[in-house]
Amino acid sequence: QVQLVESGGGLVQAGGSLRLACVASGNTISRNAMGWYRQAPGKQRELVAGIGSGGSTIYADSVKGRFTISRDNAKNTVNLQMNNLEPEDTAVYFCNAGRIRGGNYYSIGYWGQGTQVTVSS
């Protein structure tokens, strides 16, 4: 079992930055790929970024060049640095444990409670 707790969300103006953090407990995440998803009101949950156990990364086209995912296995944490934020980035952001296969990220079902990110125009 893995418990995931996100933090770092908030309200920011367009063009600003936020850094989300996810702390895992209950089991090490070092062997898992980890990801960040987001869900905006009325929309499906979508993958934002994923990072493999070895550090390989995957990004949604909409965030490439603006967001950076990183991990610290010693601290059991995964971070998402979000720069040049846009109103379209407004959503609840969820941390997730998963797998990367064939260049695609797959959730294995562990989710955090989410953290709200609101970007004003």
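# Briefing: strands, core and aromatic rings

Thr77 touches Cys22, Val23, Ile29, Ser70, Arg71 and Asp72, leaving out residues up to four places away in sequence; contact means heavy atoms within 4.5 Å. This is a predicted model, in which local features need pLDDT of at least 70 and side-chain atom pairs count only at pLDDT 80 or more, while totals for chains, interfaces and linings use all residues. Residues are numbered from 1 along each chain as its sequence is written, and side-chain values use heavy atoms, with hydrogens and water left out.

- Thr77 sits in strand β8. Strands (E, at least two residues) and helices (H or I, at least four) are DSSP runs, numbered from the N terminus.
- Thr77 counts as buried, at 13% relative accessibility. Buried means under 20% relative accessible area, exposed means over 50%, and partly exposed lies in between (1.4 Å probe, protein chains only).
- Val23 belongs to strand β3. Val23 is partly exposed, with a relative accessible area of 42%.
- Setting aside residues up to four places away in sequence, Val23 touches Gln3, Leu4, Val5, Asn76 and Thr77.
- Asn76 lies in the loop between β7 and β8. Asn76 is buried, at a relative accessible area of 14%.
- The phi of Asn76 is near 55°, a positive value in a residue other than glycine.

**The open sheet**

- Four strands make an open sheet in the order β1-β3-β8-β7, with antiparallel pairing. Two strands pair if DSSP finds at least two bridges between them.
- β1 (3-7) and β7 stand at the edges with a single partner strand each, so one side of each has no neighbour in the sheet.
- From one strand to the next, the twist averages 15°. Axes here are lines fitted to C-alpha atoms (for helices, over the stretch in contact), and angles run from 0 to 180 degrees between N-to-C directions.
- β3 and β8 pair antiparallel over six bridges. Leu18 has Met82 in β8 as its bridge partner.

**The nonpolar core**

- The largest nonpolar core holds 28 residues. Such a core is a set of buried Ala, Val, Leu, Ile, Met, Phe, Trp, Tyr and Cys residues joined through side-chain atoms within 4.5 Å.
- Met34, Trp36, Phe67, Val78, Leu80, Met82 and Tyr93 have the most contacts inside this core.
- At least two core residues come from each of β3 (18-25), β4 (33-39), β5 (46-51), β7 (67-72), β8 (77-82), β9 (91-101) and β11 (115-120).
- In soluble globular proteins, nonpolar side chains tend to be buried together.

**The loop between β8 and β9**

- Asp89 lies in the loop between β8 and β9. Asp89 counts as buried, at 1% relative accessibility.
- The Asp89 side chain reaches the backbone nitrogen of Glu86 at 2.7 Å.
- Apart from neighbours within four places in sequence, Asp89 is in contact with Arg38, Arg66, Phe67, Val117 and Val119.
- Asn84 is also placed in the loop between β8 and β9. Asn84 counts as partly exposed, at 44% relative accessibility.
- Asn84 has a phi near 50°, a positive value in a residue other than glycine.

**Aromatic rings**

- The model has three aromatic pairs. Rings of Phe, Tyr and Trp (its six-membered ring) pair if their centres lie within 6.5 Å; planes under 30 degrees apart are stacked, over 60 edge-to-face, and the rest tilted.
- Tyr37 and Tyr105 pair edge-to-face, at 6.0 Å centre to centre and 65° between the planes. Tyr37 is in strand β4 and Tyr105 in strand β10 (residues 104-111), 68 residues apart.
- Tyr37 is buried, with a relative accessible area of 11%. Tyr105 is buried too, at 8%.
- Tyr37 and Trp111 also pair edge-to-face, at 4.9 Å centre to centre and 65° between the planes. Tyr37 lies in β4 and Trp111 in β10, so this pair ties together parts 74 residues apart in sequence.
- Trp111 is partly exposed, with a relative accessible area of 32%.
- Ring pairs link Tyr37, Phe94, Tyr105 and Trp111 into a cluster.

**The hairpin of β9 and β10**

- β9 and β10 pair antiparallel over six bridges. Arg101 stands opposite Asn104 in β10.
- The hairpin has two residues between the strands, and Gly102 takes a positive phi near 60°.
- Val23 and Asn104 are 81 residues apart in sequence and 23 Å apart in space, C-alpha to C-alpha.

Key:
A polar contact is a pair of N or O atoms within 3.5 Å; within protein, one must be able to donate a hydrogen and the other to accept it, and residues adjacent in sequence count only if both atoms are side-chain atoms.
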